[in-house]
Every structure is written in structure tokens, then in C-alpha cells.
Amino acid sequence: MLVLDRVGKTYPNGVRALDGISLDVAPGEILVVIGGSGCGKSTMLRAISGLDTPTQGRVVFDGVVISEPHEEIGIIFQEPRLLPWLRVADNVGFGLEDCPKEERRTRVAGALERVGLTEKARVWPRELSGGQAQRVAIARALVPRPQVLLLDEPFSALDAFTRADLQDHLLGLWADLKPTLVMVTHDVEEAIVLADRIVVMRPHPGRVYEEIKCDLPRPRDRQSAAFDFAKRRVLAALDRSLDRLIVTDDGETRAAAGGGLWW
Amino acid sequence: MTATAEQAGLEQAASKARLARWARPALGFLLPVALAVFWEIAVRMGLSNGRLVPPPSVIWTTFTDLARTGELQTHALATLTRVAAGFVCGVAAGTIVGAITGYSVLSHRLVDPTLQALRSIPSIAWVPLFILWFGIFEASKIILIAVGVFFPVYLGVMGAVISVDRKIVEVGRVFRLSGPAMVRRILLPAVMPAYVISLRAGLGLGWMFVVAAEFLGASTGLGFLLIDGQQLGKPAQIVAAIVAFAILGKTTDWIIALVAAPFLRWEDRFART
């Protein structure tokens with residue numbers, strides 16, 4: 001169980017990035033955090049990962065207050081961040097230094113197979129495409145089998161086809177290992193494809209604005225009406241979170257002009 | 001029929017590639033060889049007496065004569081020993097101080113300004129002082145060379161450590177590497193390319209400083225051969241010593257590059273030389 005207890009972060013220059021975020025994330029849940037820029041999504045994720053410490057409140061995982069990276073919490077960044085001096089297989093096995101050699105090899109091979117890159121094991125990172133590199137990063141984060149996996153806009157630098165492909169990949173991996181996923185994104189469709197629950201944040205300072213349950217049956221059809229409906233709901237919540245709503249003459253609420261440009 | 005034609009084509013391409021492999025480095029020899037041939041012909045034809053600028057044949061004779069009497073080897077070995085000793089000391093000091101000042105902001109503020117000031121002092125300026133302090137024999141020479149090697153290595157290591165990508169360091173933090181593991185698995189490989197370049201720059205300066213050291217009171221070494229050739233009016237000996245310097249300098253540089261190559265194969269380089 002991952003608990004955020006009134007987590008706040010004020011930077012030394014006085015900027016308040018996060019203010020009183022309280023969230024419970026159940027084991028195996030997929031939580032997607034969405035919101036406009038500057039709403040502290042990444043700051044929140046970094047606080048959970050232990051890379052940064054919050055200035056107020058605390059992050060607790062299984063009764064342990066997180067103040068530095070925890071072995072059961074993995075993170076995938078927006079960029080793959082592969083180590084360029086290690087071949088793909090060694091990058092994937094980076095977190096298994098203490099493992100016996102034989103076990104390490106089988107686990108790395110298994111992880112590479114799961115992300116469909118077995119034939120790239122002996123290749124240098126520079127020889128991979130953007131999507132392949134991010135798949136290696138996913139494999140590297142999953143190989144130590146963390147209970148929680150944090151994802152910080154992991155697919156935002158990729159083209160739409162690769163992105164959809166990797167979302168499906170990620171769901172496949174999640175179905176195998178059932179880690180808790182906390183993912184930050186600014187892509188509404190991505191949020192609905194993946195999430196059990198969507199947290200909409202609002203900026204200045206970053207706060208939780210609304211939580212939306214997302215219980216469409218999996219696998220989710222991106223073309224279905226239910227999917228579209230969920231998408232509208234999230235978009236509307238985002239617009240409201242940015243105070244971009246107007247009330248029309250006949251009493252209907254609608255997004256103001258430019259209201260769609262929430263990112 | 002087509003298969004054999006294809007094979008022939010492949011063989012042709014392979015032999016072409018083989019040729020290219022040898023032809024490309026050979027291109028670098030074109031200019032010096034052409035100049036040497038030109039000068040040889042000019043002297044033979046009597047366009048110049050070649051006394052002050054000896055032709056290649058005379059230089060070659062001097063070179064082989066020096067080698068036959070064992071003089072060349074003695075002098076080359078003396079110089080090489082000095083460079084090696086100075087290089088090792090300079091690299092050790094430069095690496096340690098560079099790593100510390102790169103890692104810790106406080107020590108950088110404390111030490112770097114002084115070192116930068118010292119760096120701007122011309123090497124020769126140290127010689128009289130070093131002779132007074134360390135005597136006229138080997139110690140002062142080796143220290144002078146070490147000073148020359150120190151600065152490029154120091155600058156290279158410090159700069160490389162400072163500019164290690166925070167994002168890569170965070171990967172190490174996420175996997176909860178301890179301090180030494182962070183150095184071994186993240187920092188060291190990350191600074192390796194810049195380190196090799198600084199080693200090669202340091203070695204180049206080492207070869208420059210050894211001449212300065214040997215100009216002032218040495219009875220052995222290639223630098224001594226230079227001075228000796230000047231005082232006795234033997235330009236061929238000077239050029240022979242210069243050629244020996246060139247060969248040794250290039251060879252030692254090549255050895256560093258060769259030893260470092262396996263550590264740098266991962267680099268995503270713009271051009272491969």
C-alpha cells in the first residue's frame with residue numbers, strides 16, 4: 001500500500017510546486033495522474049520515488065517513510081536514460097548486480113523477451129530507436145520486480161503508433177507481474193487506456209482537483225463510445241481544473257474558447 | 001552463372017575495401033614523402049649544398065649510425081624513462097585532484113583558482129627554481145614533466161566529473177548504488193572519453209617539457225642530442241633526434257589510444273578516424 005499523506009513541496013526559491021496531496025494507491029492498482037503543465041505531477045512522482053524529499057507531509061510505502069530510493073519502487077523517466085557504455089542486456093541487468101550470474105542471465109533474457117527485444121541483447125544503446133530504447137528502460141525497471149512502478153510521461157517523446165504499441169506492452173507486463181503503477185501523463189487517451197483511477201491535478205500550487213474512476217473492461221477499445229465518453233469526462237474535468245468553463249445562455253456549461261488547449 | 005558473377009563482384013568489392021583500408025592511411029604519407037623526395041633531388045642536382053638542411057639520405061645515415069653505436073637507444077631510453085616517470089606522477093596527481101575538485105564544490109572554490117593561476121605560468125619559468133630546489137639531476141626534470149602533464153589531466157578530469165549528466169546519476173540513485181559503486185559503475189565510465197583525451201593531451205605536453213628539461217643540464221637524452229648537434233654544428237643529428245621524438249611521441253600516443261579503445265567502443269561518434 002502506497003500512501004501520500006498531505007505531501008507538499010516548496011522549492012528553495014519559494015515556488016510552491018505541490019500542496020497537500022493525499023492519495024492512497026492500492027497494490028496492483030493503475031493510477032494515472034493528469035494535469036496541465038506546472039501542476040506538480042513530476043514533482044509528486046519524484047517524491048514517491050525518493051529522488052526528492054517533500055518539504056511537507058510524507059510518502060509511506062508499506063509502513064516505511066520514503067526519504068530515499070526504495071528497492072520495491074522503480075521508476076521510468078520520460079527519456080530512456082540507458083547507460084551508453086553498457087550493452088542492452090547489461091543495461092537491463094543493471095539493478096541485478098548482486099544476483100548470481102546464472103539467475104541474472106535468465107531474468108535479463110526473460111525481461112528482454114517480454115519487451116520483444118531478445119535479438120537486441122548485444123547491441124549498444126545508440127543503435128536503438130526511441131521506442132526500443134524506452135522498452136529497454138521498461139525492462140530495466142521491471143527486472144528487479146518492484147512492487148511499485150512509477151512512470152513519468154514515459155511515452156510522450158514517441159510517435160502515436162509507437163506510443164499505442166508501448167501502452168499495450170505495458171499493460172501486458174502489468175498483467176503478468178501486477179505491480180502498482182503510478183503514471184504521470186498529459187495524454188488523456190493514454191490515461192483512459194491504462195487507468196483504474198485517474199487523478200486530475202490543478203496547478204499553482206499543484207493540488208488534486210478531481211478523482212475519476214475508470215472501470216471500462218479490459219482490453220479497452222479506443223474506438224468505443226464508452227471510451228469516448230470517458231475521454232470527454234476527463235477533458236471536461238481538466239478544463240474545469242484550469243477554470244476554463246463558461247455557462248452558456250441555456251444554462252449549459254461548456255469549455256471557454258481555447259479551453260481544449262489544457263496542456 | 002549469375003552466382004559466380006555475383007561472387008566475383010563480391011570479391012572485387014572485398015579487394016576494393018582491402019585496398020581502401022591501406023590506401024587511406026597511406027594518403028597521410030603523401031605530403032611528407034613528396035617533400036623529402038623533392039629535397040633529396042634538389043640537393044643531388046646541386047640546387048642546394050644541403051649543409052644546413054641535410055637531405056633525407058644524410059639524415060638516414062646519421063640516424064642509422066647513431067643507432068648502430070647504441071647512442072640513439074641510450075638517449076631515447078633516457079628521455080622515455082623521464083617522460084614515463086613524469087607522466088605517471090602527473091597523471092596520478094591530476095586525476096586525484098581533478099576528481100576531488102570536480103566532485104566537491106567547496107574544494108573547487110578553494111583550489112581551482114590557484115591551480116588556474118599556476119597553469120598560466122610558462123613551463124620554462126619553473127626550470128631555474130626546480131634546479132635550485134631539486135638539484136640538476138633527474139628529480140627536477142621529472143617534476144617539470146609531471147607539472148606539464150598535471151594540468152591537462154586535471155582540467156580534463158575536473159570538467160568531465162562536473163559535466164556528468166544528472167539524469168544518469170539519478171539512474172544510479174534509483175538502483176541505490178553506494179558511493180563507491182556509483183563511482184565505479186556510473187561516474188568512471190561516464191568520464192572515460194574525456195579522460196582519455198586529457199591523457200593524450202598530457203602526454204603531448206610531457207614530450208614538450210622533457211625537451212625543456214633536457215636543454216638545461218643533461219648529459220643524456222634526445223634533448224641533449226639536439227643541443228649537442230647545435231654546439232658541434234651537426235644539423236643532421238638534430239633532425240635525427242627530432243625524427244626520434246616524432247616516432248616516440250606518435251607511438252606512445254597510439255599506445256594510449258589503443259589501450260583505451262575497448263573502453264570507448266560504446267561512443268556514438270560523429271566520425272571514426
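## Where the two chains meet

In this predicted model, chain A and chain B touch through a contact that takes 14 residues from chain A and 11 residues from chain B. On the chain B side, the element that gives the most is helix α7, spanning residues 166–174, with 6 residues. If you sort the side of chain B that touches chain A by class, you find 6 nonpolar and 5 charged residues, and no polar ones.

## Chain B from end to end

The C-alpha atoms of chain B fill a box of roughly 80 × 75 × 30 Å along the principal axes. Of the 273 residues in chain B, 28% are buried. Looking at contacts in chain B between residues at least 6 apart in sequence, 73% join residues at least 24 apart.

## A closer look at helix α2 of chain B

Helix α2 of chain B runs over residues 56–68. From its first C-alpha to its last, this 13-residue helix reaches 18 Å, close to the 18 Å expected at 1.5 Å a residue.

Which residues of α2(B) are buried? They are Ile59(B), Thr62(B) and Leu66(B). Seen down the axis of α2(B), the buried residues fall within an arc of 65°, so they line one face of the helix.

After α2(B) comes Gly70(B), which has a positive phi, near 85°.

## Chain A

Now for the partner. Chain A has 7 helices along with 12 strands. Its radius of gyration is 19 Å, which agrees with the value near 18 Å that a compact globule of 263 residues would have.

A box of roughly 70 × 40 × 30 Å, taken along the principal axes, is filled by the C-alpha atoms of chain A. Buried residues account for 41% of the 263 residues in chain A. Among chain A contacts between residues at least 6 apart in sequence, 67% join residues at least 24 apart.

Conventions. Residues are numbered from 1 along each chain as its sequence is written. Chains are lettered from A and ligands numbered from 1 in the order in which they are written. This is a predicted model: local features need pLDDT of at least 70, side-chain atom pairs count only at pLDDT 80 or more; totals for chains, interfaces and linings use all residues. Two residues are in contact if their C-beta atoms, placed from the backbone, lie within 7 Å. Helices (H or I, at least four residues) and strands (E, at least two) are DSSP runs, numbered from the N terminus. Ala, Val, Leu, Ile, Met, Phe, Trp, Tyr, Cys and Pro count as nonpolar, Asp, Glu, Lys and Arg as charged, and the others, Gly among them, as polar. The expected span of a helix is 1.5 Å times one less than its number of residues. A residue is buried if 20 or more other C-beta atoms lie within 10 Å of its own, exposed if 12 or fewer, and partly exposed in between; C-beta atoms are placed from the backbone. The arc is that of the directions from the helix axis to the C-beta atoms. The radius of gyration is taken over C-alpha atoms; the globule rule is 2.2 Å times the number of residues to the power 0.38.
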